[in-house]
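Please look over the fold below.

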Amino acid sequence: MPGWNYGGRSPFTKTAAKAQALWNCQNRRTVAANQIKEAVGKKLQTPGVTRWNSYYDSCAGLLEVLEDPEKKDELNVVSRKQGLPTFYEGDKDLVAQYCKIMKPIAECLDILQSEKNAYMGIFLPYLRLMKDQVVGLRTDASIVEGQELIKYLMENHDNPKVAFKGRFEHLFQDMDLLMATALHPHFKLGVVGYLNEGLKENIRRRVISEVMSKVAMAPDEEVRYAQAQHVIEDDPFTYMKGVDTLPAATPDHLQEELENTYEGWNRVTVKRTTPLSLDQLPLFQRKAWLDVFIRYNTPLPSSAAVERH
């Protein structure tokens, strides 16, 4: 990208070329690979086109070496022996800027492509978290040249489609994605309000409406009222109590109960590290809540998970 790694005068161009030359040398020369391992205590991780985040991971591994003065000197000795350019303090600073900017993106990708928490409800919150973290680096005094990289990632006025704004911002208007977040025990309606305050109330009403539609069709609800009716009929004093003894299961009454249940559920905090379980869904009409949760939160898994099976 212009201003960062495109063109001979872009700051990261030469540093990236040095790193790539070192990685290529390690991969192609056994002697060089052994020398690098002896100098820094391990072989360097190198980028691979089939591995997610491999370039970032490789840069992070190289930065770990460059931040240790002794290891950096030893690595430069190996580079000279192999006829490669050496790394200077400015190179370390540029790699550090790159890693700081790309870390939120790499972590977000790792989470979204994992099969451990493959629920659609995590998608928008993690996207927004990644954006907020990257945008927050605009005020980081240690990032100077890297500000161009941040602009490219977030807006990129020359080619908006490749930036966050062009590729992802419209997804925060997607009702189904917001529904998935509203029903996820780790996020709920509060996070929906942060993602899109204007649609928060619409999402709340839609959640209640869809759960109600599931309850209306649920056989166990009919059984519950049938059992209640049976208890009344077995009471020899029923004729004295009148026909109003059994409360009517009206739609308004059900809606009120569901709204109160959802409001209370949204006030309960679940730690992000806690694995999801059925117990984390509302107790009242839990089967209906589960059906709606499954509808919005269990799409096709990520490609990475599929590749491993």
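What follows describes a predicted model, from the whole chain down to single residues.

## Overall architecture

The model is predicted. Its protein chain holds 16 helices and 0 strands. The chain has 309 residues, and 39% of them count as buried.

Among contacts in the chain with a separation of 6 or more, 65% join residues 24 or more positions apart. The accessible surface is about 17,900 Å². Carbon and sulfur atoms own 55% of that surface.

## How helix pairs are described

Two numbers describe a pair of packed helices: the angle between their axes and the distance between the axes.

## Helices α5 and α6

Start with α5 (residues 89-112) and α6 (123-136). Their axes come within 8 Å and cross at roughly 170 degrees. Angles over 145 degrees count as roughly antiparallel, so α5 and α6 are roughly antiparallel to each other.

From α5, the contact draws on I101, P104, I105, C108, I111 and L112. From α6, it draws on F123, Y126, L127, M130, Q133 and V134. By class, this contact has 11 nonpolar residues, 1 polar residue and no charged residues.

The α-helix has 3.6 residues a turn, so residues three or four places apart point the same way.

## Helices α2 and α4

Helix α2 covers residues 30-40, and helix α4 covers residues 69-81. Their axes come within 8 Å and cross at roughly 165 degrees. This makes α2 roughly antiparallel to α4, because the cut-off for that class is over 145 degrees. The crossing of α2 and α4 is right-handed.

On the α2 side, the contact is made by A32, Q35, I36, A39 and V40. On the α4 side, K71, E74, L75, V78 and K81 take part. The class count for the α2 and α4 contact is 6 nonpolar, 1 polar and 3 charged residues.

## Helices α11 and α14

Helix α11 spans residues 200-216, and helix α14 spans residues 251-266. Their axes come within 10 Å. They cross at roughly 125 degrees. Angles from 65 to 115 degrees would be roughly perpendicular, and those over 145 roughly antiparallel. The pair α11 and α14 is therefore oblique. Their crossing is right-handed.

In α11, the residues that meet α14 are R204, V207, I208, V211, M212 and V215. Their partners in α14 are P251, L254, Q255, L258, E259 and Y262. The contact of α11 with α14 has 9 nonpolar, 1 polar and 2 charged residues.

## Burial in helix α10

Which residues of helix α10 (residues 188-195) are buried? They are K188, L189, V192, G193 and L195. The list includes a lysine, K188.

Cover for the buried residues of α10 includes α6, α9 (175-182), α11 and α14. Helices α11 and α14 also meet each other, through residues that include V207 and L254.

The cut-off for buried is under 20%.

G90 and P11 are 79 residues apart along the chain, and their C-alpha atoms are separated by 9.5 Å. Y98 and G146 are 48 residues apart along the chain, with C-alpha atoms separated by 6.7 Å.

Most residues other than glycine have a negative phi. Two residues in this model are worth checking against that background.

N156 is not a glycine, yet its phi is positive, near 50 degrees. N156 sits in the loop between α7 (147-154) and α8 (164-168). N156 counts as buried, because its relative accessibility is 8%.

Q285 is not a glycine either, and its phi is positive at about 55 degrees. Q285 lies in the loop between α14 and α15 (286-297). Its relative accessibility is 11%, so Q285 counts as buried.

Definitions and conventions. Residues are numbered from 1 along each chain as its sequence is written. This is a predicted model: local features need pLDDT of at least 70, side-chain atom pairs count only at pLDDT 80 or more; totals for chains, interfaces and linings use all residues. Side-chain values use heavy atoms; hydrogens and water are left out. Helices (H or I, at least four residues) and strands (E, at least two) are DSSP runs, numbered from the N terminus. Buried means under 20% relative accessible area, exposed over 50%, partly exposed in between (1.4 Å probe, protein chains only). Contact means heavy atoms within 4.5 Å. Accessible areas come from the Shrake-Rupley method with a 1.4 Å probe; for residues, only the protein chains shown count as cover. Axes are lines fitted to C-alpha atoms, for helices over the stretch in contact, and angles run from 0 to 180 degrees between N-to-C directions. Angles under 35 degrees count as roughly parallel, over 145 as roughly antiparallel, 65 to 115 as roughly perpendicular and the rest as oblique. A crossing is left-handed if the near helix is turned anticlockwise from the far one by less than a right angle, and right-handed if clockwise. Ala, Val, Leu, Ile, Met, Phe, Trp, Tyr, Cys and Pro count as nonpolar, Asp, Glu, Lys and Arg as charged, and the others, Gly among them, as polar.
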